[in-house]
Amino acid sequence: MSTVTQHSASTPSQTSASHLATDCIHGGQHTDPTTGAVMPPIYTSSTFVQESPGVHKGFEYSRSHNVTRFAFERCIASLERSGLSEESERTCGGFAFASGLASIGTALELMDCGDTIVCMDDVYGGTNRLLNRVRKRSAGYKVVHVDLSDATKAEAAIRQHKPRMVWLETPTNPTLKLVDVAAICAQARAAGAISVVDNTFATPMLTRPIELGADIVMHSTTKYVGGHSDTVGGALVTGSAELAERLRFLQNAIGSVMGPFDAYLSLRGLKTMHVRMERHCASALELARRLEKHSKVAKVVYPGLASHPQHALASRQMRLDGKPAYGGMITIFLKSGSGSGMAESRRFLENVHLFALAESLGGVESLIEHPAIMTHASVPEAMRAELGISDALVRLSVGIEHVEDLWNDLEHGLSKV
Ligand SMILES: Cc1ncc(COP(=O)(O)O)c(C=O)c1O
């Protein structure tokens, strides 16, 4: 039992009553009471002095309490509209981790040994690997993959398997399928399951799953949250006081917390997230439209195109400041001759230069990759085939460079296919 002798320097000056663009900068933030610093300092101290055993200023040990991490956790909770009081870090609904996968691993600990999870079929390869190649063995989970973009299939699976957790990802990585968050989370809730939404691709600028009925939102903050490809991290946000209590316990008990330097970079990333997302969305839409007309491209998958099978849902569920906005990710299938499309993909990927051939996404710089060989190599080949992750599939993360320079680069690469 410990006693807090002084308020722990965390009363925010701003709550989440403002526009998102404002909350990116001020959500859950306050000026440093000691120095007046506008940006929270990076607190590196691993431990904190106590006046008497158990009597301290609210900070004991940095795995449990870190000022810089708390500042980031409050801001992302504010952007995800967690709705939990921001009066102090202890009642905030945000939790930051060492990586996106560390946050997924911690969320999974809400389940018990032998529980069932109904999981979107097309999820990030690492999520698939953690569930099927680790937790099935170590925790005896039953993992049921279902195409949750189909509400009928989702309902049947939830009714049949009575899961403890339903795991959504939308838009999915890499086939950009959408899940109707409100519909599936309502089904999960009715069945007594915890719903978790991986919101990495949409970001809270476009979709706020808690407002749509989700229990927990998850982020790989490595991506759009950090926004500059210079940090690895993850986050969970909940609007439920009970789940917040359990996640706080698990975060500390498991210990895969975000370090103070990464928390600083992630908070700094959030400050420009609104303006970055405007540019990501506008440029991706423009490039997707042009790619759709290109003779070397068989198919473009982008939620903003009328050809996307869930364009109507995307226009409803993905909105920036009230207007449809479809994110910065594009998936294309190259036309292949008689082969699998691998030769065409290689020629294309070897001949783009502004688009860096690299894993990851969501940074200010444009990235391009081949999921079958790179990000989704850990997904079993049969499952990749079923999901349509073929050798002709290339994934683009559209950065915030000038759109004409990006187009010239893509055209050059395609001319070599
Ligand atoms: C949608 C999605 N979720 C989770 C992750 C895992 O995040 P991290 O690489 O930060 O562990 C990724 C990584 O690419 C991702 O794209």
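User: Is the crossing of H2 past H9 left-handed or right-handed?
Analyst: H2 passes H9 in a left-handed crossing, that is, the near helix is turned anticlockwise from the far one by less than a right angle. This is a predicted model, where local features need pLDDT of at least 70, side-chain atom pairs count only at pLDDT 80 or more, and totals for chains, interfaces and linings use all residues. Residues are numbered from 1 along each chain as its sequence is written, and side-chain values use heavy atoms, without hydrogens and water.

User: At roughly what angle do the axes of H2 and H9 cross?
Analyst: The axes of H2 (residues 67–79) and H9 (residues 260–271) cross at roughly 35° and come within 8 Å. Axes are lines fitted to C-alpha atoms, for helices over the stretch in contact, with angles from 0 to 180 degrees between N-to-C directions; helices are DSSP runs (H or I, at least four residues), as are strands (E, at least two), numbered from the N terminus.

User: New topic: how many salt bridges are there in the whole structure?
Analyst: The search finds 15, each a side-chain nitrogen of Lys or Arg within 4 Å of a carboxyl oxygen of Asp or Glu.

User: Which residue does Arg164 pair with in a salt bridge?
Analyst: Its partner is Asp115, with the closest N and O atoms 2.5 Å apart. Arg164 lies in the loop between H5 (151–161) and S6 (165–169) and Asp115 in the loop between H3 (100–108) and S4 (116–120), so the pair ties together parts 49 residues apart in sequence.

User: Is Asp115 buried or exposed?
Analyst: Asp115 is buried, at 16% relative accessible area, whereas Arg164 is partly exposed at 29%. Buried means under 20%, exposed over 50%, and partly exposed in between (1.4 Å probe, protein chains only).
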